[in-house]
Amino acid sequence: MKDFIGAVIEFPFIRNALIAGLLSSVLFGVLGSLVTVRRITSLAGAVSHAVLGGIGMALFLDAAGIIPGMSPLTGALIFAVISALIIGIVTLKARQREDTVISAIWVIGMSSGILFMARTPGYVDPNVYLFGNILLISAPDLYLMAFLGIAVVFLAWRFYPQIRASSFDDEFAVSRGVNTGGFFIILLIITAAAIVLLQTYVGIVMVIAMLTLPSGTAGSFARSLSAMMAGSCLFSALFSVSGLYFGWVLNMPVGAVTVIIAGFFFLAVTGIRALIRLHR
């Protein structure tokens with residue numbers, strides 16, 4: 001432990017990784033709770049995987065000189081927002097085609113990203129974007145993450161009654177004058193933006209796990225949506241710091257270690273609760 005604390009103090013990239021883990025916990029906690037409660041994990045999963053298409057497109061356009069200086073973050077954000085809008089509109093207007101559209105967005109996004117990378121001059125390793133590396137996170141990334149985290153917390157506080165009503169009972173929320181469709185689209189867009197930033201942390205493949213596992217664990221104890229959000233933030237912070245520590249000590253990928261810790265903890269809590277119910 002002393003070696004790890006010394007590394008945090010001495011090395012800026014370790015310090016940035018720790019700060020990123022704590023900042024991302026806010027996004028994972030608040031947005032993850034809403035994703036879990038509204039049961040839109042598959043929608044968030046489709047958006048997170050479609051992001052690879054935007055990353056590949058940006059890399060290709062920059063390397064080919066078509067749009068010099070275009071960053072992967074910009075391409076990912078474009079694809080994420082477009083995917084979120086398509087999925088959101090289809091979900092609201094044509095539920096019978098929802099699964100098909102989600103699957104199409106999922107596979108087209110990933111496949112187009114691989115194709116763009118294959119055509120990009122030089123070698124591009126997709127594993128960097130699929131699995132992430134928190135040790136490479138930069139100061140600008142931290143500022144963006146902090147800004148988005150503050151915005152998400154403010155919106156959750158400001159519109160909490162409407163969010164709670166639309167999350168648990170759409171019909172009641174509509175009868176009270178809440179624009180549930182608008183809230184749903186906004187939730188998807190904000191989640192898409194968060195996914196773009198968080199894929200730097202755990203990667204595209206595993207970002208969906210951190211959006212669901214901490215909130216799922218917190219949901220075993222919480223009795224309200226606000227308590228679930230708070231508990232999910234705490235669990236996310238615990239998993240993030242633990243993953244960074246054990247990844248550093250064991251010399252293993254931090255993102256993968258973090259998700260494994262979160263997954264085992266969630267399964268342990270779920271198993272213990274099941275045993276308690278059986279005993280009763």
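N251 is exposed, at a relative accessible area of 72%; exposed means over 50%, buried under 20%, and partly exposed in between, using a 1.4 Å probe and protein chains only. This residue sits in the loop that joins α11 (225–250) to α12 (254–279). Helices here are DSSP runs (H or I, at least four residues), numbered from the N terminus. The phi angle of N251 is near 55°, a positive value in a residue other than glycine.

## About the model

This is a predicted model, in which local features need pLDDT of at least 70 and side-chain atom pairs count only at pLDDT 80 or more, while totals for chains, interfaces and linings use all residues. Residues are numbered from 1 along each chain as its sequence is written, and side-chain values use heavy atoms, with hydrogens and water left out.

The pLDDT, the predictor's confidence in each residue from 0 to 100, has a mean of 83 over the protein chain, and 96% of the residues reach 70 or more. Among the elements of the chain, α11 has the highest mean pLDDT (91) and helix α6 (residues 127–131) the lowest (72). Where pLDDT is low, the predicted coordinates should not be read in detail.

## Helix lengths and what follows them

Let's check some helices against their expected span, which is 1.5 Å times one less than the number of residues. The 26 residues of α2 (residues 12–37) should span 38 Å, and the end C-alpha atoms are 37 Å apart, which agrees. The 23 residues of α3 (residues 41–63) should span 33 Å, in agreement with 34 Å between its ends.

Positive phi values turn up after these helices too: R39, near 60°, follows α2, and G65, near 80°, follows α3.

T120, in the loop between α5 (98–119) and α6, is buried at 5% relative accessibility. A polar atom of the T120 side chain lies 2.7 Å from the backbone oxygen of F116.

Note on methods: Helix = DSSP H or I, 4+ residues; strand = E, 2+ residues; numbered from the N terminus. Polar contact = N/O pair within 3.5 Å; in protein donor to acceptor, adjacent residues only side chain to side chain.
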